[in-house]
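User: Hello! I am new to reading protein models. Could you walk me through this one step by step?

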Number of protein chains: 2
Amino acid sequence: MNTHPDPSPRRQPAPRPVRLHGYFRSSASWRVRIALNLKGIEVAQVAHHLRRGDQRRPAYLRLNPQGLVPALELEGGDVLTQSLAIMEWLEETVPEPPLLPADPLARARVRAFALVLAADTHPLQNLRVLNALRDLGLGEAVVGRWAAEVNATGLAACDALLEGIEGPFCFGARPTLADICLVPQLGNARRFGVDVAAYPRLLAREAACLALPAFAQAAPDRQPDAE
Amino acid sequence: MNTHPDPSPRRQPAPRPVRLHGYFRSSASWRVRIALNLKGIEVAQVAHHLRRGDQRRPAYLRLNPQGLVPALELEGGDVLTQSLAIMEWLEETVPEPPLLPADPLARARVRAFALVLAADTHPLQNLRVLNALRDLGLGEAVVGRWAAEVNATGLAACDALLEGIEGPFCFGARPTLADICLVPQLGNARRFGVDVAAYPRLLAREAACLALPAFAQAAPDRQPDAE
């Protein structure tokens, strides 16, 4: 008798996502919008205005005690948080079209690229951190330079990771989690005045993505709460 | 004919990990040490002294252009980076014992917990960021408070995510990626003077982990480069 549980994810009917709690400009929300579009899943969008602090209201903290967006509500009431965890869940429960390659080494490269942006770049320049820097008495010019440098450092690392890898997408013929993290980060980088022309390889990947309706329709200015 | 590639990870013989590039005190290296120990994989450790800037030397940047540890070298020369991507690769290539539960929803909860620490906490208080704050002219007391607050915020969110979940480990009877991220983060929190007694639930999980040799032997003070 095998007493070990099967470690591979079960392919069973999963609860359907029904509501995405997000904010038009949040790049973590933007990632999940792209992933849902690629998987062909329609959800209702619930906007939480981050600059007004909607995400720290008690009703939202009951959904996500971290007080951050996005959160994906499923039928039955379960709530998923953290954009990468949400996208891995989508990948495991709605396998087509895949957002990760099949080979473990190739999967590791895609995830590493995604994490350079989702762990080492975006969290250092999101609204919460920039406000914390302002609270330390740093001026707008200094805070803006911080955000720009964080973005430039992350994009330069990602550019190096694509050395010798064929497009049109970051890791070949299909968009993956890498592309889903790249497109919103380039949006942030431009917003903070980074000279993104320094990364022609990344811009070529972005152009391939934006030619797909799943990416184009997830853009901040196409969302119901866009300002 | 099915023209879609199989999206599930292939269970095929994978190249064996041979060298872990890390630093005794780096919590991302610490995570990978725990995961390798849990999987029963022995590797040579190569220490890169972060405070002396070893990770920015050209020879290391050829392994990992991001200039961060850890990096896992495989036989054949491939190099994996980003601790969570490395651990997902380990999970896919060496399934036993599993570091993630089988159910997709349970996997999403484990990954979200891990990302609260690996994306929203640790990158805001690592050496690179604290040095960047010092470069902005902030004093040691202010920088220390920043690191402590970042840790306290992350631990409080993780504590809330465990509400109603049975131990002894973060998500039940086995250690998962959540525990692997928690133990090093608690180490950091103590180093920055956080009152970790405020999180008895997290401390109970940590105690269960540290009773396992895989966790105990991965501690910074047990590494060859410990100071």
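This is a predicted model: local features need pLDDT of at least 70, side-chain atom pairs count only at pLDDT 80 or more; totals for chains, interfaces and linings use all residues.

User: Which rotation superposes chain B on chain A?

Analyst: Two copies of a chain are related by a rotation about an axis and a shift along it. Here a rotation of 180° with 0.0 Å of shift along the axis brings chain B onto chain A, with an RMSD of 0.0 Å (least squares on the C-alpha atoms of residues with pLDDT of at least 70 in both copies). The two copies are thus related as by a two-fold rotation axis. In chain B, the C-alpha of Ala119(B) is nearest the axis, 2.0 Å from it.

User: How do I read the area buried between chain B and chain A?

Analyst: The size of an interface is often given as the accessible area lost when the parts come together. Between chain B and chain A about 5,000 Å² is buried, and carbon and sulfur atoms give 63% of that (accessible area with a 1.4 Å probe that two parts lose on being put together, summed over both). In residues, 58 of chain B are in contact with 57 of chain A, where contact means heavy atoms within 4.5 Å. Of the interface residues of chain B, 98% are also interface residues in chain A, so the copies meet through the same surface.

User: How many salt bridges are counted between chain B and chain A?

Analyst: The count is eight salt bridges (a side-chain nitrogen of Lys or Arg within 4 Å of a carboxyl oxygen of Asp or Glu). One of the pairs is Arg111(B) with Glu92(A), at 3.0 Å from N to O. On the side of chain B that touches chain A, H4(B) gives the largest share, ten residues (helices are DSSP runs of H or I with at least four residues, strands are runs of E with at least two, and both are numbered from the N terminus).

User: What about the domains of chain A?

Analyst: The assignment gives domain 1 (17-96) and domain 2 (104-219), with bounds from an automatic or database domain assignment. Their centres, taken over C-alpha atoms, are 20 Å apart. The contact takes 16 residues from domain 1 and 23 residues from domain 2. Together they bury about 1,800 Å², with 66% from carbon and sulfur atoms. On the side of domain 1, Trp30(A), Arg31(A) and Ile34(A) lose the most area to domain 2, together 32% of what that side buries. One salt bridge is counted between these domains. Elsewhere in the list of pairs, Glu88(A) forms a salt bridge with Arg111(A), their closest N and O atoms being 2.7 Å apart.

User: Where is Pro70(A) found, and which residue has a positive phi although it is not a glycine?

Analyst: Most residues other than glycine have a negative phi, and most peptide bonds are trans. Pro70(A) is in the loop between helix H2 (58-63) and strand E3 (71-74) of chain A, and the bond from Val69(A) to Pro70(A) is cis, with omega near 5°. The residue with positive phi is Gln82(A), at about 70°, in the loop between strand E4 (79-81) and H3 of chain A. In chain B, a cis peptide bond joins Gly167(B) and Pro168(B), with omega about 5°.

Technical notes: Residues are numbered from 1 along each chain as its sequence is written. Chains are lettered from A and ligands numbered from 1 in the order in which they are written. Side-chain values use heavy atoms; hydrogens and water are left out.
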